[in-house]
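Reader: I'm new to this one, could you put it up and take me through a few spots?

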Amino acid sequence: MKKTIFTQILTLLLCGLVGPLSYVNASIADKTIPVQADHAVVLLYHHVADHTPASTSITVKDFVAHLDHYEKNKVKILPLEQIIATLRKNDAVPDNAIAITFDDAYATIFENAWPELKRRNLPFTVFVNTEAIKEKPTIYMSWTQLRELSDAGVTIGNHSHTHQHLLGEFGQPDWAAAVEQDLTQASAHLRNNLGITPQLFAYPYGEFNTELQEIIEQLGFIGFGQHSGTVGAASDYTALPRFPIGGSYSSITRLDTAIKSRPLGVNANPANGVILSQNAKSFDLEINVTDGPENLSQLACYPANGTRLNLTPKGNRRFLIQLTNVNAPGRYKINCTVPDSDHRGGFFWWSFLAMKPEPDGAWYQQ
């Protein structure tokens, strides 16, 4: 239901979000009221270049087109830490709020993305795997370049020291201690070289499970994966979703789909980030969609190949999903969406991550 201008002004005044005279005067002049939302979208980029691996790259031309598109459509690009702090307090963020993030601290970010972002005064976050950072640039930024970004207000996050598969040795007696050492070593390098203590962490390869999330929580990090979805107040802040942007997922249409998305609240059994048996050929996933405005008759779930999965109703807002042909080792993702009747072209969105080791139990390499 649309609020009247008076109702919206009154609500904002009661919440203390605006000053009486300045806001009313602006409203009269602009004839518009800022819309508030309870969610935001985090976008994930890697390379911004024309000759880097296509699956993790966006061309310079397309990246500039993205920035132009944000400006033209009044997308609110905010610092990631501001979005997280606001939503965790259950406060409202601007409608169409997004954060821009980059994984791996590639030199192409500094060379091609940074000039455009700086010229437009746009905030962003870079997640750094510190072992790769040297005094001089390689395919990664140098410490000097990262220091320039940090001094200019760019948020720097922890992406581990080694960028290894953190679940590769899961189950070994010293696994948890080794993971903690890797992450604290990365934080120490960032503190010693940039004078910062990172609070944001991105999982290498987007891989996580319940036990790894517990380590992240114990270390005081906010964790981010690489599974698609939208961040809301009720999200799990040890494994927040981000929409990967790169390769075939770089189109403006894809971008708009991501920006318009809203959180779909789901409790899953098994929990998100499950490690499958190396002998598994299929697995069952039971989901319970939390109460909300969604029309669940339109709920649809898809694996990476795009073939719609069968949903078996199991009671009120509960469904059974069976993923078959889980033959090869690697990562398996399921995306579940419901069309958003209040926002044309938008979806309520949730995704699930499963991982399958090699037949001998070793971790896959990708």
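Reader: Is Asn112 buried or exposed, or something in between?
Author: Asn112 is partly exposed, since its relative accessible area is 24%, where buried means under 20%, exposed over 50% and partly exposed in between, with a 1.4 Å probe and protein chains only. This is a predicted model, in which local features need pLDDT of at least 70, side-chain atom pairs count only at pLDDT 80 or more, and totals for chains, interfaces and linings use all residues. Residues are numbered from 1 along each chain as its sequence is written, and side-chain values use heavy atoms, leaving out hydrogens and water.

Reader: Where does Asn112 sit, and which residues is it in contact with?
Author: Asn112 belongs to helix H5, residues 107-119 (helices are DSSP runs of H or I with at least four residues, numbered from the N terminus). Setting aside neighbours within four places in sequence, Asn112 is in contact with Val48, Ala49 and Val60, contact meaning heavy atoms within 4.5 Å.

Reader: What lies 2.7 Å from a polar atom of the Asn112 side chain?
Author: That is the backbone oxygen of Val48.

Reader: Switching topic, how do H7 and H8 cross?
Author: The axes of H7 (residues 175-194) and H8 (residues 210-218) come within 11 Å and cross at roughly 45 degrees, the axes being lines fitted to C-alpha atoms over the stretch in contact, with angles from 0 to 180 degrees between N-to-C directions.

Reader: And which residues make that contact?
Author: On H7 they are Trp175, Ala176, Val179 and Leu183, and on H8 they are Glu211, Leu212, Ile215 and Ile216.

Note on methods:
Helix = DSSP H or I, 4+ residues; strand = E, 2+ residues; numbered from the N terminus. Polar contact = N/O pair within 3.5 Å; in protein donor to acceptor, adjacent residues only side chain to side chain.
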